[in-house]
Amino acid sequence: MVGTIYIPMATNRKVEILLTRKRDVERELKVIRDKCKHEIKVIRLIPKNLSPSQVDIRWVCEGCDTTLGYPTEMEVKNYISN
Ligand SMILES: [Zn+2]
């Protein structure tokens, strides 16, 4: 059991502001993505949510950055060799 970690009020406030901003950004992204037809897909390296130093390789929409699926082994090889 770890003792209570003291978080200064200013830090809490900052986190609150950042989370609010994040929600606003996510809402705005959703509106854009809902309208997008995902016509052009490209392979991208995407940082993993839980460990951002690692990446996943995915097909994403070039227009709105939505993850569209997993590339095949062949597609990954082509991507890496380019
Ligand atoms: Zn899209």
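Biologist: Which residue in E2 does Arg 44 stand opposite?

Modeller: Arg 44 stands opposite Arg 58 in E2. Bear in mind that this is a predicted model.

Biologist: Fine. How many bridges join E1 to E2, and which way do the two run?

Modeller: There are seven bridges between E1 and E2, and the two strands run antiparallel. Strand E2 covers residues 55-61.

Biologist: What holds paired strands together in general?

Modeller: Backbone hydrogen bonds pair the strands of a sheet, in either a parallel or an antiparallel way.

Biologist: And what is the strand order in the sheet here?

Modeller: The order is E1-E2-E3, in an open sheet of three strands with antiparallel pairing.

Biologist: What does Val 55 touch, if I skip residues up to four places away in sequence?

Modeller: With those left out, Val 55 touches Leu 45, Ile 46, Pro 47 and Lys 48.

Biologist: How far is Val 55 from Thr 4 in space?

Modeller: From C-alpha to C-alpha, Val 55 and Thr 4 are 34 Å apart, and in sequence they are 51 residues apart.

Biologist: New topic, the helices. How many are there in the chain?

Modeller: Two helices, along with three strands. Along the sequence the pattern reads α-β-β-β-α.

Biologist: What span should H1 have, and what does the model give?

Modeller: Helix H1 takes in residues 9-35, which is 27 residues, and at 1.5 Å a residue it should span 39 Å. The C-alpha atoms at its ends are 40 Å apart, which agrees. None of the 27 residues of H1 is buried, so the helix lies largely in the open.

Biologist: And over the whole chain, what share of residues is buried?

Modeller: Buried residues come to 0% of the 82 residues. The radius of gyration is 18 Å, whereas a compact globule of 82 residues would have one near 12 Å. The C-alpha atoms fill a box of roughly 50 × 35 × 20 Å along the principal axes.

Biologist: How is the chain divided into domains?

Modeller: Domain 1 is 7-36 and domain 2 is 38-82. Their C-alpha centres lie 24 Å apart.

Biologist: What about His 38?

Modeller: His 38 is not a glycine, yet its phi is positive, at about 50°. His 38 lies in the loop between H1 and E1, and it counts as partly exposed because it has 14 C-beta neighbours inside 10 Å.

Biologist: And Asp 65, where is that?

Modeller: Asp 65 is in the loop between E2 and E3. Its phi is also positive, about 65°, although Asp 65 is not a glycine. With 14 other C-beta atoms within 10 Å, Asp 65 is partly exposed.

Notes
Residues numbered from 1 in each chain as written. Predicted model: local features only at pLDDT ≥ 70, side-chain atom pairs only at ≥ 80, totals over all residues. Pairing = 2+ DSSP bridges. Helix = DSSP H or I, 4+ residues; strand = E, 2+ residues; numbered from the N terminus. Domains from an automatic or database assignment. Rg over C-alpha atoms; globule rule 2.2 N^0.38 Å. Buried ≥ 20, exposed ≤ 12 C-beta atoms within 10 Å, placed from the backbone. Contact = placed C-beta atoms within 7 Å. Expected span 1.5 Å × (residues − 1).
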